[in-house]
Structure formats: C-alpha cells, structure tokens
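Subject: The structure I promised you

Hi there,

Here is the structure we talked about, ready for you to open. Have a look first, and then read on for my notes.

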Amino acid sequence: MARLLRWGLGLLLIAALLVGAILFLPFRSWLPGGTVGDVPSAQVVNGTAFNRLFPKPEPGEQLVFTQEKRGFSQARLRQGDQIKALLSISDMLTAPEAREKFRAAPERLQGWPLVEQGSQASALLVADRFQVKVIGQGEGLDAGSRHDLLGAFDLRGLAALEPAATAKERLAPASAPALEPVLAPSA
C-alpha cells in the first residue's frame, strides 16, 4: 500500500505541475524582467567585445576580468591585495525597464545620463543601450573617483558597438553578381 500511495502522490504532483504550466503559459508576458536568453543571439553584444573598452589600469593597479557572457562583462580593479572597485558593462537590450532610472538623471557625463545607485555605485547609460557601472569595494570610492573611472571607459567605442550580426550585414555586399561556371575545353 505504501508503494501505491507514493506512486499516486507522484503522479498527482506531476499532473498538478503540468496543469499549472498550461494555465500560466498565456500569462508569461506579464511576468517581470527578461533575460538575455529571450533575445536572439544576433541582437545581443557578446561580453568579449566589451573587454577592450574597460579603462586601462593606473600603475600599481590591475584589472582582473571575473565574468563574461552574452550581454555582460565584469572586472575587478585591484590595487595591491585590495579590490578597489567592481566595473561592468551590460547590454540593456534585455531589460528595457531598467533604463527608466536614467530618464530623469540629474547629471551627465560626456553627454550620457549618470545616476547614483546608493552610496557606493554610479552608473551611466551609453547610447540608450549599454549600462556602464562602477561599484566601490572595501573602503569604497567617493562619487568623483567613480565618475573618473566611468569616464576612463572607451564610451565612444561603446556607443559605436554593434552586435556581430549587424556588423557582418553591413560588410556583406548588397548583391553579388552570379558567377557563371567556366567550362574546360574538351579534348
């Protein structure tokens, strides 16, 4: 009887999960957020493209990349044994609602909207698509130091950055003439 009861409960649980999934599937678009997995690969900038845009470390500092994936790259700025700041670039294509915090930004840096996120973080929205963020670590950084670090990113290069598929489309010829096969003379 115990085995039969376990099987019955297991089947009941599976049925409940299937019914729940079927009922909630039409409401999926109502759920908050989005992920980079929801956007086709050709539209999201790969994290490796961001790495060259990070600031060059000053003497005595070291930039250590800690995470890189589709639409995101992150590095730690180290000075000696201590982590000075956490730096990141993210493609906001996957989270358009996250861009709203920049709409009423009171400050600008190199023409891009700048917001403070608490006492240790500053973020910049470049080309209405890429968020560049500096988070002070340990003793932290004051707002001016964080802004200097944000300005040290290659923001012009970031604004011009396109997904790989878009760049390939621009480089491909619009219409290549069809080549006719060349036949060798018969002997």
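Ala95 is buried, because its relative accessible area is 17% and the cut-off for buried is under 20%. Before you go further, please keep in mind that this is a predicted model. Ala95 sits in the loop between β3 and β4 (107–109).

Two other residues are worth a click. His147 belongs to helix α3 and is also buried, with a relative accessible area of 14%. Which residues is His147 in contact with, once its neighbours within four places in sequence are left aside? They are Glu107, Leu109, Leu114, Glu116 and Ser122.

Lys69, in strand β1 (residues 61–69), is partly exposed, with a relative accessible area of 45%. Leaving aside neighbours within four places in sequence, Lys69 is in contact with Asn46 and Gly47. Thr48 is 21 residues away from Lys69 in sequence, and the C-alpha atoms of this pair are 7.6 Å apart.

Now for the overall layout. The protein chain has five helices and seven strands. Reading from the N terminus, the order of elements is α-α-β-β-β-β-β-β-β-α-α-α. Of the 187 residues in the chain, 30% are buried. Taking contacts between residues at least 6 apart in sequence, 49% join residues at least 24 apart. The accessible surface of the chain is about 12,700 Å², and carbon and sulfur atoms account for 60% of that.

On to the inside. In soluble globular proteins, nonpolar side chains tend to be buried together. Here the largest nonpolar core has 24 residues, and the members that touch the most others are Leu87, Val132 and Leu158. At least two residues of this core come from each of β2 (72–79), β3 (82–91), β6 (121–126), β7 (130–136), α3 (143–152) and α4 (155–160). There is also a second, separate core of five residues, with Phe102, Val115, Ala123 and Leu125 among them.

Not counting residues up to four places away in sequence, Leu87 touches Phe54, Pro55, Leu63, Ser73, Gln74, Ala75, Leu77, Lys133, Val134, Leu149 and Phe153.

The largest pocket has a volume of about 180 Å³. Its lining is made up of 13 residues, and those closest to the centre are Glu58, Glu61, Leu77, Leu149 and Ala152. Which element gives the most? That is α3, with four residues. As for the classes of residue, the lining of the largest pocket has seven nonpolar, five charged and one polar.

Leu77 and Leu149 are both touched by Leu87, and both are listed among the residues closest to the centre of the largest pocket.

Happy browsing, and do write back with any questions.

Best wishes

Terms used
Residues numbered from 1 in each chain as written. Predicted model: local features only at pLDDT ≥ 70, side-chain atom pairs only at ≥ 80, totals over all residues. Heavy atoms only, no water. Core = buried A, V, L, I, M, F, W, Y, C linked by side-chain atoms within 4.5 Å. Buried < 20%, exposed > 50% of the residue type's maximum accessible area, 1.4 Å probe, protein only. Contact = heavy atoms within 4.5 Å. 1 Å grid on protein atoms, 1.4 Å probe; cavity = no way out; pocket = protein on both sides within 12 Å on 5 of 7 lines; lining within 4 Å. Points joined across faces, edges and corners; volume = space filled by probe spheres on them. Nonpolar A, V, L, I, M, F, W, Y, C, P; charged D, E, K, R; others polar. Areas by Shrake-Rupley, 256 points an atom, 1.4 Å probe, with all protein chains shown as cover.
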